[in-house]
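Subject: Structure handover

Hello,

Here is the structure I promised to pass on. Please open it alongside this note.

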Amino acid sequence: MFLMKGSTAMKHEPVMLGEVIGIIDTHSTHKHILDGTLGLGGYSEAMLAEFPGSNVVGIDRDAQAITFSLERLKTYGGRFEAVHANFSTLKDIITSHGDFDAFVFDLGVSNMQITVPERGFSFGSDGVLDMRMNPSGDDITAAEILRCSSVEELTKIFRDYGEERFAHQIAKAVKNSRTPIETTGDLVNLIRSALPQPVQRKMGTHPARRVFQALRICVNHELQELEGLLKTLHDIKSKSVIIFVSYHSLEDRLIKIAFREWHNEGKGNILTKHPMTPSGEETERNYKARSAKLRAFCIS
């Protein structure tokens, strides 16, 4: 599906949509659903269409996602509501909207963010090195983190959040740079110059991918937000199904541990003994899906 925003075309296909819909259909009444990572509204639209009796509340920290989804889903009228919020306010949303019987969280970066160079998320196009999911909030930009952090602090960010083997080497190159690193292109060029060509050829992926991931996670406090979200979900009393689609091991590990603890506490059942992954056909069709892992839990 191709969506237009201004002059930017965005190809958008929700990852593992069939699996998500199937789990909701099997393990919930699908009357009141929360789409916790609204993005371009792909999951919300599918759930509204698949479950005619449902109401869907979508939340996102990106105000552009709220505006876009409200326009996209306006034909569903009062069945859809979009809320500008992040994970830390989920408890308040549940209090104000009542119990949900299904929660869906796709933790990937929205195509809206990746395909707009000015947002600074993509190492494939040049733009201001921003990476804030909520540009109107108080988070500092990726460029500011590079400018204000020490070699030791940057090494820890690149290593802990990006699992980057050459974290220290890249961190030193950042601090030794004679020119400010203000754009995504500046950072990509610096990383390429800091790593030997044989090392880059053996990576099997873009040499900047892990550093960009690390900075995005740091800028948006993604792991802290996820930890807080899991604590809120742990306290839910009503019967519901919780679905996560994650894209790197840091997130997947937190979800796996939380689900195991909930099960051991007798809170409910893990629906995915092992994470579900996309079919080969889907990954060929949708490159974004290649690293996706789906885990689901049913609160009983």
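This is a predicted model: local features need pLDDT of at least 70, side-chain atom pairs count only at pLDDT 80 or more; totals for chains, interfaces and linings use all residues.

Helix α11

This helix covers residues 209-220. α11 is mostly covered, with ten of its twelve residues buried. Among them are V211, F212, L215, R216 and I217. C218, V219 and N220 are on the buried list as well.

What do the buried residues of α11 pack against? The partners are α6 (142-148), α7, α8 (167-176), α9 (184-194), α12 (222-234) and α13 (249-264). After α11 comes H221, which has a positive phi, near 50°.

R216 also has a charged partner. It forms a salt bridge with E222, with the closest N and O atoms 2.8 Å apart. Both E222 and R216 are buried.

Helix α7

α7 runs over residues 151-162 and includes T155. Is T155 buried or exposed? T155 counts as buried because its relative accessibility is 9%, and the cut-off for buried is under 20%. Beyond its neighbours within four places in sequence, T155 touches A167, H168 and A171.

D160 and K156 meet through their side chains at 2.7 Å, N to O. These two are four residues apart in helix α7, so about one helical turn separates them. An α-helix has 3.6 residues a turn, so residues three or four places apart point the same way. D160 is partly exposed at 27% relative accessibility. K156 is partly exposed too, with a relative accessible area of 48%.

Other salt bridges

How many salt bridges are there by this rule? The count comes to twelve. One of them pairs E45 with R72, at 2.5 Å between the closest N and O atoms. This pair links distant parts of the chain, 27 residues apart. E45 sits in helix α2 (residues 42-50), and R72 in helix α3 (residues 63-72).

Salt bridges link E13, E281 and R285.

Best regards

Methods
Residues are numbered from 1 along each chain as its sequence is written. Side-chain values use heavy atoms; hydrogens and water are left out. Buried means under 20% relative accessible area, exposed over 50%, partly exposed in between (1.4 Å probe, protein chains only). Contact means heavy atoms within 4.5 Å. A salt bridge is a side-chain nitrogen of Lys or Arg within 4 Å of a carboxyl oxygen of Asp or Glu. The expected span of a helix is 1.5 Å times one less than its number of residues.
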